[in-house]
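Please look at the sequence and the structure before reading on.

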Amino acid sequence: MAKTAIVTGGGQGIGRGIALQLAKDGFNVVVGDLNEKTAASVAEEIKALGVDSLPVVADVSDEASFQNLVETAHKQFPTIDVLVNNAGIALVATIQETTTAEFERIFRINVNSVFFGIKAVTPIMQAQGGGKIINASSIAGHQGIELLGPYSATKFAIRGLTQAAAQELAKDHITVNGYAPGIVLTPMWDLIDKRMSEIHGVPIGASRQKFIDGIALGRGEQPEDVAGLVSFLASSKSDYITGQTIVVDGGIDYV
Ligand SMILES: NC(=O)C1=CN([C@@H]2O[C@H](COP(=O)(O)OP(=O)(O)OC[C@H]3O[C@@H](n4cnc5c(N)ncnc54)[C@H](O)[C@@H]3O)[C@@H](O)[C@H]2O)C=CC1
Ligand SMILES: CC(=O)C(C)=O
């Protein structure tokens, strides 16, 4: 019987790359996203690969909405074997310029969502005898980055939740790990680059290029580079790994 994975933020960028990779690995994939159109389009791409897929509109920063995502998935599929807590947003600003409302919003979307996701799938995974929870951190969760202060704080927080959940859930055969990408060429980095370049008064593209220049492997990261790691973390090959957040960044010098 095919296993099932839920990928949040699966409608574009890294989440789409992960969803397609897990489909190639044989998982049925539930694509949870705020954006109905992109979630539906990725679900169609997945079905074309020969597995089943269900798009679900969900706001992961809202506990009831996340619970509904998981319940809807579980109604269609008998097991929830993998949850990828991928959805997140960035915020580019100095700490001084960030409002309290913005700070709280990015925590609701990036961190509360991981908390809601772990709580929603744990009873299902316990009842079925195990599962894998995989959370999106970042190199910004290993090293605070100028103009990404609140964002960095959310990604450090996710590593903490990952470690604690791994300790709590090991007895239930649930592993909890994370991935920490570097500079991935997605719509998120288009936004980060635009804002950083405006702040620094440099042409669009220059801020991203400066980060890419510090990558040992000499190129920006693709969603597929992240998806390869998540494929491993979702597979039985990683059964003895838990509580880890693994950096996949092409060798960035400051991490
Ligand atoms: N792009 C990068 O360089 C890096 C990204 N990451 C992390 O990887 C994850 C994915 O990033 P990207 O694909 O680059 O982002 P993206 O902005 O390209 O895509 C994010 C997806 O999440 C969805 N989303 C946003 N808020 C949501 C919510 N409240 N509920 C449900 N869905 C929501 C969006 O609709 C979108 O489909 C994020 O957690 C990000 O912080 C980590 C390190 C580097
Ligand atoms: C978006 C992000 O996490 C970085 C490090 O660029």
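How do the residues of the shell around ligand 2 divide into nonpolar, polar and charged? In this predicted model, the shell around ligand 2 holds 6 nonpolar residues, 2 polar residues and no charged residues.

**Ligand 2**

The residues surrounding ligand 2 are Ser138, Ile139, Tyr151, Gly182, Ile183, Met188, Trp189 and Ile192. Helix α6 gives the most to this shell, with 3 residues. Side chains make polar contacts with oxygen atoms of ligand 2: serine 138 has a polar side-chain atom 2.7 Å from an oxygen atom of the ligand, tyrosine 151 has one at 2.6 Å, and tryptophan 189 has one at 2.7 Å. On its own, ligand 2 has 220 Å² of accessible area, and the protein covers 95% of it. Ligand 2 sits in the largest pocket.

**Ligand 1**

The space taken by ligand 1 is also described as the largest pocket. The elements that give two or more residues to the shell around ligand 1 are α1 (13-24), α5 (149-169) and α6 (187-200). Of these shell contributions, that of α6 is the most, with 3 residues. There are 26 residues around ligand 1, and Asp33, Asn86, Tyr151, Val184 and Thr186 come nearest. The shell divides into 14 nonpolar, 9 polar and 3 charged residues.

| Residue | Polar atom belongs to | Distance to an oxygen atom of ligand 1 |
|---|---|---|
| Isoleucine 14 | backbone | 2.8 Å |
| Aspartate 33 | side chain | 2.6 Å |
| Valine 184 | backbone | 2.8 Å |

Taken alone, ligand 1 exposes 830 Å², and the protein buries 93% of that area.

**Aromatic pairs**

How many aromatic pairs does a search of the whole structure find? The search finds 3 aromatic pairs. One of them is formed by phenylalanine 103 and phenylalanine 107, with a centre-to-centre distance of 5.0 Å and an angle of 35° between the planes, and this pair is tilted. Phenylalanine 103 and phenylalanine 107 are separated by about one helical turn because they are 4 residues apart in helix α4 (residues 100-128).

Definitions and conventions:
Residues are numbered from 1 along each chain as its sequence is written. Chains are lettered from A and ligands numbered from 1 in the order in which they are written. This is a predicted model: local features need pLDDT of at least 70, side-chain atom pairs count only at pLDDT 80 or more; totals for chains, interfaces and linings use all residues. Side-chain values use heavy atoms; hydrogens and water are left out. A residue is near a molecule or strand if one of its heavy atoms lies within 4 Å of it. A polar contact is a pair of N or O atoms within 3.5 Å; within protein, one must be able to donate a hydrogen and the other to accept it, and residues adjacent in sequence count only if both atoms are side-chain atoms. Accessible areas come from the Shrake-Rupley method with a 1.4 Å probe; for residues, only the protein chains shown count as cover. On a 1 Å grid over the protein atoms alone, a cavity is a set of points where a 1.4 Å probe fits but cannot get out, and a pocket is an open set with protein on both sides within 12 Å along at least five of seven lines; lining residues have an atom within 4 Å of a point. A molecule sits in a cavity or pocket if more than half of its atoms lie within 2 Å of its grid points. Ala, Val, Leu, Ile, Met, Phe, Trp, Tyr, Cys and Pro count as nonpolar, Asp, Glu, Lys and Arg as charged, and the others, Gly among them, as polar. Rings of Phe, Tyr and Trp (its six-membered ring) pair if their centres lie within 6.5 Å; planes under 30 degrees apart count as stacked, over 60 as edge-to-face and the rest as tilted.
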